[in-house]
Each structure stands twice: as structure tokens, then as C-alpha cells.
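Notebook open, structure loaded. I want to walk through the fold and jot down what I look up as I go.

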Number of protein chains: 2
Amino acid sequence: MDGPVLLTGAAGRVAEAILDHLGDSYRWRLLDRDPPEKDYSHEYVLADVTDAEAVRDAVAGASAVVHLAGDPRPDASWDSVLANNIDGTETVLDAAAEEGVGKIVLASSNHAVGGYETDDRVPTIYRSHDAYRLDGTELPRPGNFYGVSKATGELLARYYYDTYGLPAVCLRIGNLTKERPPRDYERGQAMWLSYRDCAHLFDRSLQADYGYEIVYGISDNDRKYYSIDRAREVLGYDPQDNSAEYDAED
Amino acid sequence: MDGPVLLTGAAGRVAEAILDHLGDSYRWRLLDRDPPEKDYSHEYVLADVTDAEAVRDAVAGASAVVHLAGDPRPDASWDSVLANNIDGTETVLDAAAEEGVGKIVLASSNHAVGGYETDDRVPTIYRSHDAYRLDGTELPRPGNFYGVSKATGELLARYYYDTYGLPAVCLRIGNLTKERPPRDYERGQAMWLSYRDCAHLFDRSLQADYGYEIVYGISDNDRKYYSIDRAREVLGYDPQDNSAEYDAED
């Protein structure tokens, strides 16, 4: 890659997982509306993704974009996700297509499909003997406005790929926690994503060739109701962690 | 139905088709930000669907909602569809769920899936011998920002049904023209929707029982790449028109 990789939402948790593991693997140009909490010694742009001019400046010369910025709260208000997540993602896609970057990697979310966890499926689908799987071909069923906004980001990326040829992968990230899976939370164990698997997933997303993809981003948990087959196949994703390895220690 | 049926976007073309045929079949409460072009002798509310308070007032007491309002232009700008179509639809859904109306019928669009008309499929899919069919279970592939906004309306309706139990049907309306199908426009002939079939489809959508549905709204054209099986099955849709009956007259 010639230019830097622009990473938006650099002060967030997904960015932390990526930069902790891949800080030296790419030339990063970080962007966030908040100043960095860690000193990553990378280029850092203080800007909001709803500021089209600032985003265009930040995308200039980038070889790829990792777009994480947005209101990350599952209970975020409609007005907040409308501006920060939906409009913000359109702003970033528009700038990326205009600049002709090689690809864009978008942080989507399990909340885009939270509505599949219906009363008649829960808690069975959180358990390892249950064979129910979502694989990314199903229609979204957002569980909250945050999920609506993430599914809309997927739609926007689809449009930009079809119209401008901007390759895009939407990663429906599960429950990202550092060091170990959540305790006493079956859902979180089923969709656990370790920091190193998260970083590996984004690394593969930056390296692989694809057109438009939606894949699930979780570790290789025994308990899972998201298929990672497509991530393996298209991206070469090869997760090393499994929440089941921690259960016995609880 | 006890209360009136609120119909938003009353000054538009879909409303014209509905009201021409069903003007006397329901007690209508019409809403538009523009004054009526015809005198329908129905209650008429002058309001914008992005005005939450006005929308709440208009929904009060309604038994059902037909939501058509929005920027109808396929080449509408992102900013316009973000406000009028996406935010406007959320405003209407929120008020409808709060009021506990019986159901909501949403005008979605063929543009939500325009991206399936790829260079390798066109113009073959517009012709009657081609068996390719979209049926509403496929992921949206918007062909423009308008299509993005309509697909997002579908997501929002899904969320409101899953969360608040508000029954919703999203009608992916084809090419609606009065009297006869478009000439010299294969695509428009394949997705033609006559005025009377349009009115019948909305009538069935107000009468039938369902939870959440996405169906295609076209006449029973020989040329079609949208399946109307689901509309027949769930809504009892029984279209009377077929664009092929007009071809010979061209």
C-alpha cells in the first residue's frame, strides 16, 4: 500500500484492539473527534466524520479506510445515530469513493441482527449444541436504533460498491472484550471477539481481495450462532480464540 | 376500522391512485406538506413528516397509517432523503407505535433493489422469457440514494415491528403509470403497476393480517423480474393488469 490507512474512530475500543496488535504493520492516519488516550505515535487528525470537508482532507492520499467512527452505544438515540452513524458513514464513503481508495472496511455490528434473538430462540441459540446460524445473507433485523444505523451503513456501502466500484467489507462485530470473554453472559460468550482475533480480522480485511461482503466478526467460539465461514473463505480469517476455553475458569 | 386511516404524502402520485379508487372505501385523514391538487373532500392536514409534533397530532386516533410521504425523485440528494425519507419515516413509525395503530403500510420502491440490474443481466431480465426473480428475501441493493432511503425505511419498520409489535408491510412499488404502461421502456413495462392494481394492493394491505412483510408491487406482467407470489399469499393481492396486453398497440 502506498498511502496511509485512514482509521476513523481512533479513540474507540475496536481501534484499540487494532492498534495494539497492528500498530507497526501499517502506516496509520488516525482520526477521531476526541484526542487520543494513548500515544500511538501515528498521524492523528482531530475531526468529526460529519464534517465533509475535514473527512475529504483526511482521506486524501489514503490507500484504504477503516471506518469505525460513530456513536457506539447500543441505546444511542435516533438523532445521534442518524447524524453520527448514518450521515457520518455516507460522508466517509463519499470521500473514499471520490479519492478512489483501494477498499473500505466498515465496523458493522451484531445489533444489526439482534432481532433474530426472539423469545422462542433465546437462550437456546447461545448454547453450543444449537445449530442455528446467521451467515450474513439474511435480511437485517436491528435490535435497536444503533443496529438500524449499522445496517444502513451496510446498505450505503453496497450502493457505493455497485455504483463506484469501491470494495467494501462490513464486519458485524460481536462482543469485543480484552483478555477474556464476559462472565455470566451467554450471549456475549457466543459472540465473543478477542482483541487479537479482532486485529487479525481487520488485517485480513485490509489484505484480501473482494468486492462487497458482509461477514461476522467473532472468535471461533463453541457457542456461536453467527457463521464465520464466509470470513474464512473470502478474507482468510483464521481466529485463534474460543470463549469455551475460558468457561471452566469461571 | 374505528378511526380514520392516516395517509401521508397525499399530494403524490401513489396517493392519487389510491384515492381515485378507494376514496369512498375508507375514512381518510390526508397529510401532505403541500395543499391538495384535487378536492377529495377528506380531512386534510398540512404538515411535514419531519415535524414530530404535527405527526403525533395527525396519528392520534388513526386506525392505520399509509406512509407515502418523502422525496420521490430517484435522483434526490442524500441530504434530502436523509431528512425527508429516512428521518421522516422514523418520525411516522414512532408516532404510529406510540399511538398503537393497527398497522402501517409503507411505500418502498424498486430502487431499493436497483443494483441487481447489473450489466450482465440487463436487458435480459426485462423480458418475459427470463426466469430471474427477486422475491423480497434478498438483501437490498439500492440503485441510488432514494433506494437507500427506502431500504432504510424497511429496516426501521422491521425494528418497530420486532420491538413494539407494529404490523408493517413494505411495498416495493414498481413503475406506476395511469391508464397504460410506459412505451419503449422495457424496464418500466416489466415493473409496471397500474393505478387500479396499486389501489387494490393498498386495499389488501389495509385489510390483511400480517406481522412484517416486504412484497413487490407490480401488475401481473408477462415481463417481470419481481415475484408477486408473496403479495398474493399474504395479502390476497390479485392484480388485474398486465403490461403485455398493451405491447401490441405500440
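These are my entries, starting with the ground rules.

**Ground rules.** I'm working on a predicted model, where local features need pLDDT of at least 70, side-chain atom pairs count only at pLDDT 80 or more, and totals for chains, interfaces and linings use all residues. Residues are numbered from 1 along each chain as its sequence is written, while chains are lettered from A and ligands numbered from 1 in the order in which they are written.

**Strand β1 of chain A.** I took helices (H or I, at least four residues) and strands (E, at least two) as DSSP runs, numbered from the N terminus. I call a residue buried if 20 or more other C-beta atoms lie within 10 Å of its own, exposed if 12 or fewer, and partly exposed in between, with C-beta atoms placed from the backbone. I looked at β1(A), residues 5–8, and found both faces covered. A:Val5 and A:Leu7 sit on one side, A:Leu6 and A:Thr8 on the other, and all are buried.

**Neighbours of β1.** I count two strands as paired if DSSP finds at least two bridges between them. β1(A) and β2(A) run parallel and are joined by four bridges. A:Thr8 has A:Leu31 as its bridge partner in β2(A). To get from β1(A) to β2(A), the chain goes through helix α1 (residues 13–22) of chain A, and this β-α-β crossover is right-handed. My test for that: with the strands pointing away from the viewer, the path from the first strand over the helix to the second runs clockwise. β1(A) also runs parallel to β4(A), again with four bridges, and there A:Val5 stands opposite A:Ala64.

**Strand β4 of chain A.** Which way do the residues of β4(A) point? I see A:Ala64 and A:Val66 going one way from the strand (residues 64–67), A:Val65 and A:His67 the other way, and all are buried. Three bridges tie β4(A) to β5(A), residues 104–109, in parallel. A:Val65 faces A:Ile104 across that pairing. The chain takes helix α3 (residues 78–99) from β4(A) to β5(A), and this β-α-β crossover is right-handed.

**Helix α2 of chain A.** I checked residues 52–59 and noted A:Val55, A:Ala58 and A:Val59 as buried. Seen down the axis, the buried residues of α2(A) fall within an arc of 95°, so they line one face of the helix. The arc is that of the directions from the helix axis to the C-beta atoms. They pack against β1, β2 (28–32), β3 (43–46), β4 and α3 of chain A. After α2(A) comes A:Gly61, with a positive phi near 85°.

**The core.** I define a nonpolar core as a set of buried Ala, Val, Leu, Ile, Met, Phe, Trp, Tyr and Cys residues joined through C-beta atoms within 7 Å. The largest has 155 residues, and A:Ile104 and B:Ile104 have the most contacts inside it. Two residues are in contact if their C-beta atoms, placed from the backbone, lie within 7 Å. Leaving out residues up to four places away in sequence, B:Ile104 touches several residues, including B:Val65, B:His67, B:Leu93 and B:Leu166.

**Between the chains.** I get 18 residues of chain B in contact with 18 residues of chain A. On the chain B side, α3 (78–99) and α4 (145–164) each supply at least two residues. Which helix gives the most? It is α4(B), with eight residues. The chain B side divides into 10 nonpolar, three polar and five charged.

Most residues other than glycine have a negative phi, and most peptide bonds are trans. I flagged a cis peptide bond between A:Val122 and A:Pro123, omega about 5°. A:Pro123 lies in the loop between β5 and α4 of chain A. Chain B has a cis bond between B:Val122 and B:Pro123, with omega about 5°. I also flagged B:Glu179, a non-glycine with a positive phi of about 70°. B:Glu179 lies in the loop between β7 (175–177) and α5 (186–190) of chain B and is exposed, with 7 C-beta neighbours inside 10 Å.

Note on methods. Nonpolar A, V, L, I, M, F, W, Y, C, P; charged D, E, K, R; others polar.
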